[in-house]
Amino acid sequence: MTDSHSDRDGSTHFGYSEVPLSEKQGLVDDVFHKVARRYDVMNDLMSGGLHRLWKDTFAGKINARNRRGFKHLDVAGGTGDIAFRIARQAAPDAEITVLDINGDMLEVGRDRAREKGIDANLEFVQANAESLPFPDAHFDAYTIAFGIRNVPRIQVALEEAYRVLKPGGRFLCLEFSQVNVPGLDKIYEAYSFNVIPMVGKLVAGESEPYRYLVESIRQFPAADEFERMIRKAGFRRTGYERLTGGVVAIHSGWKY
C-alpha cells in the first residue's frame, strides 16, 4: 500500500476491490447516501455502541474552553457527532465548521443541530477534504473521525489539513485501526465480516454498505504507517493512542 492509499496507475481501493481513482469518491458517496439517515445505527452496529465513548474521548482532546475566537474545522463530520461535542465545550464566540462531501450527511447534521438548538453556532459546508475552500492558516484545530479512510487521496487530504491550520494548530484523527490483543483480533475479525453485514441487512435493510465499511477498515494503513503519512504532510510532535485494544486509534500532530 502506498502512502496515498492509491497506486501510481491511478487506481485505489474501494473495500477489497480495485477501482479507478476517479471513481472512488462516487462509490463512497453512494454508500453514505444509503446510510445517512441510519448513521448512528451504522456506528452502533460496527462498534457495539463504543463509538460514543471513543468520540467523547476524542473531542475531549480539543482544548476549546476559554479560547476567544476559537476556529474549528471538523471534516467528514456531516451528522455533527464531533462538532456538537466540541460546541458544548467551546466559548460562545467559537466558530465551528462542519465539512462533508456528502449532502445527505450534512442534511442530517443540520436537522440534528436545529433539534438541539445549536444551529446558530455551526456552519455546514459541502466540500472535498482534498480541496478545502478555506484560506491558509485559518483554523486553530482540525478533526476528522472515521472519515479519512474513505478519502481517495489520503496524503492530499493531510496536506490540506496542514495548510488550513494556523501555526500552533492541532490535527486530530479518530480512525479504526488494528487490534493488538491476542485472541481479541480473531473475535473482532469474525464479528466484522460475519455479523456486521448480516445485522446491517436486518436492521438497516442494507448489507453491502456495511461490508464495504468493514473492508475499508482492513485496507487502511497500520497506525505507525499512518503516523508517517501525517509527518510527511508537515506535522510534528505526532503520535497515536490506541483505544479498546487497538480497535481504534486517535492520531495527533501539530503545525509549527
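When I say contact today, I mean heavy atoms within 4.5 Å of each other. With that in hand, hello everyone, and here is our protein. Please keep in mind that this is a predicted model, where local features need pLDDT of at least 70, side-chain atom pairs count only at pLDDT 80 or more, and totals for chains, interfaces and linings use all residues. Residues are numbered from 1 along each chain as its sequence is written, and side-chain values use heavy atoms, with hydrogens and water left out.

Let's begin with the overall picture. Among contacts between residues at least 6 apart in sequence, 73% join residues at least 24 apart. The secondary structure comes to 9 helices and 9 strands; these are DSSP runs numbered from the N terminus, with helices being H or I of at least four residues and strands being E of at least two. Of the 256 residues, 54% count as buried. Here buried means under 20% relative accessible area, exposed means over 50%, and partly exposed is in between, using a 1.4 Å probe and protein chains only. The accessible surface is about 11100 Å², and 49% of that belongs to carbon and sulfur atoms. Those areas come from the Shrake-Rupley method with a 1.4 Å probe, and for residues, only the protein chains shown count as cover.

Now for the charges. How many salt bridges are there? The count comes to 15, taking a salt bridge as a side-chain nitrogen of Lys or Arg within 4 Å of a carboxyl oxygen of Asp or Glu. One of them joins R85 and D56, at 2.7 Å from N to O. That pair links distant parts of the chain, with R85 in helix α4 (residues 81–89) and D56 in helix α3 (residues 51–60), 29 residues apart. R85 is buried at 16% relative accessible area, whereas D56 is partly exposed at 42%.

Next, please look at helix α5. E107 and R110 form a salt bridge at 3.4 Å, N to O. They are separated by about one helical turn, because they sit 3 residues apart in helix α5 (residues 103–116). E107 is partly exposed at 32% relative accessibility, and R110 is partly exposed with 27%. Further along, D111 bridges to R114, with the closest N and O atoms 2.4 Å apart. These two also lie in helix α5, 3 residues apart, about one turn of the helix. Salt bridges link E107, R110, D111 and R114 into a network.

Leaving aside neighbours within four places in sequence, D119 is in contact with A113 and R114. D119 is in the loop between α5 and β5 (122–126) and is partly exposed at 37% relative accessibility.

Last stop, the aromatics. The structure holds 8 aromatic pairs. Rings of Phe, Tyr and Trp (its six-membered ring) pair if their centres lie within 6.5 Å; planes under 30 degrees apart are stacked, over 60 edge-to-face, and the rest tilted. Y162 and F235 make an edge-to-face pair, 5.1 Å centre to centre with 80° between the planes. This pair links distant parts of the chain: Y162 is in helix α6 (residues 154–164), and F235 is 73 residues apart from it, in the loop between α9 (223–232) and β8 (236–243). Is F235 buried or exposed? F235 counts as buried, at 0% relative accessibility. Ring pairs join Y142, Y162, F171 and F235 into a cluster.
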